[in-house]
Amino acid sequence: MAFLEINDMSLEFGGVKACQNVNMKLEPGILYGLIGPNGAGKSTIFNVLTGIYPPTRGDVKLGGESLVGHKPYEIAQRGVGRTFQNIRLFKELTVLQNVMVAFYSSSHSTIADMVFESKNFHNEESEVKTKALELLKVMGIEDLAEVPAGGLPYGKQRKLEIARALGLNPKILLLDEPAAGLNPTETKELTDLIRKIQKDRNITVLLIEHDMGLVMKICEKIFVLVQGQLVCEGTADIIQNDKRVIEAYLGVD
Ligand code: ADP
Ligand code: MG
């Protein structure tokens, strides 16, 4: 049994076969890449894993237990953290508050505690604040803690999304094109950060990314998806020399 398993998973939207019979096995503590042309079904795999869409067929399992049928927040609590291809932050909240929100999904305070601002809630709030600030520090954006998230430059918003995902203390982190829209310096910085986070926390990371240099550099194993189907998996070396992968990216000739 693998840590995370996708078993013969298919998902159709109307007539569109977004994923077809996808099988993936992920082991703990490894940095994986998921690549493929636009529309290949990469984000759809994340959406199935995080409970946004139920698969039309097949199953996904974490630690041997099926995730299908569970709500996104339940799956997050079980240890699946993610970021989105289109950044989804609470733009009016501060940078710090955006990360604090993640902690409350696993909070012990009740709604009544919050309404009556009990001692319990205050104790927990200062603890949460400290932890959230630590995550901002990991991502190098702690100096922006009090700024509204919507006002951050793009690259910093991407970092904040990762900080927020880490607030759930995930066992596996799904990153959907974290370097999209970043310049080469920012990309390099983010690449180093992703690798550091993965090592320090010894978590599993599955990274969707178009930047081949980035993927080949940091991923131990790469899955290649073309038109909803996995066509190849392996190390950067194997992927770069695979005929089907070259065809998918460069055309048959
Ligand atoms: P990728 O992330 O690899 O670029 P996606 O997973 O976003 O690809 O999309 C795969 C296919 O599924 C595309 O043809 C896309 O148009 C379709 N698709 C994705 N989400 C939906 C949806 N909610 N409704 C209808 N079609 C969708
Ligand atoms: Mg996508």
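How many Å separate the centres of domain 1 and domain 2, taken over C-alpha atoms? Please describe the interface of domain 1 and domain 2 as well.

Modeller: The model is a predicted one. Its protein is divided into domain 1, which comprises residues 1-79 together with 170-253, and domain 2, which comprises residues 89-168. Taken over C-alpha atoms, the centres of domain 1 and domain 2 are separated by 27 Å.

The contact between them involves 18 residues of domain 1 and 12 residues of domain 2. The size of an interface is often expressed as the accessible area that is lost when the parts come together. Here the area buried between domain 1 and domain 2 is about 1,300 Å², and carbon and sulfur atoms give 69% of it. On the side of domain 1, the residues that lose the most area to domain 2 are Pro170, Leu193 and Arg201, which together account for 30% of what that side buries.

The rule finds 1 salt bridge across the interface of domain 1 and domain 2. The side chains of Glu189 and Lys159 meet in a salt bridge, with 2.4 Å from N to O.

As to the elements concerned, α2 (72-77), β7 (172-176) and α7 (184-201) each supply at least two residues of the side of domain 1 that touches domain 2. The largest share, 6 residues, comes from α7.

Methods: Residues are numbered from 1 along each chain as its sequence is written. Chains are lettered from A and ligands numbered from 1 in the order in which they are written. This is a predicted model: local features need pLDDT of at least 70, side-chain atom pairs count only at pLDDT 80 or more; totals for chains, interfaces and linings use all residues. Side-chain values use heavy atoms; hydrogens and water are left out. Domain bounds come from an automatic or database domain assignment. Contact means heavy atoms within 4.5 Å. Buried area is the accessible area (1.4 Å probe) that two parts lose on being put together, summed over both. A salt bridge is a side-chain nitrogen of Lys or Arg within 4 Å of a carboxyl oxygen of Asp or Glu. Helices (H or I, at least four residues) and strands (E, at least two) are DSSP runs, numbered from the N terminus.
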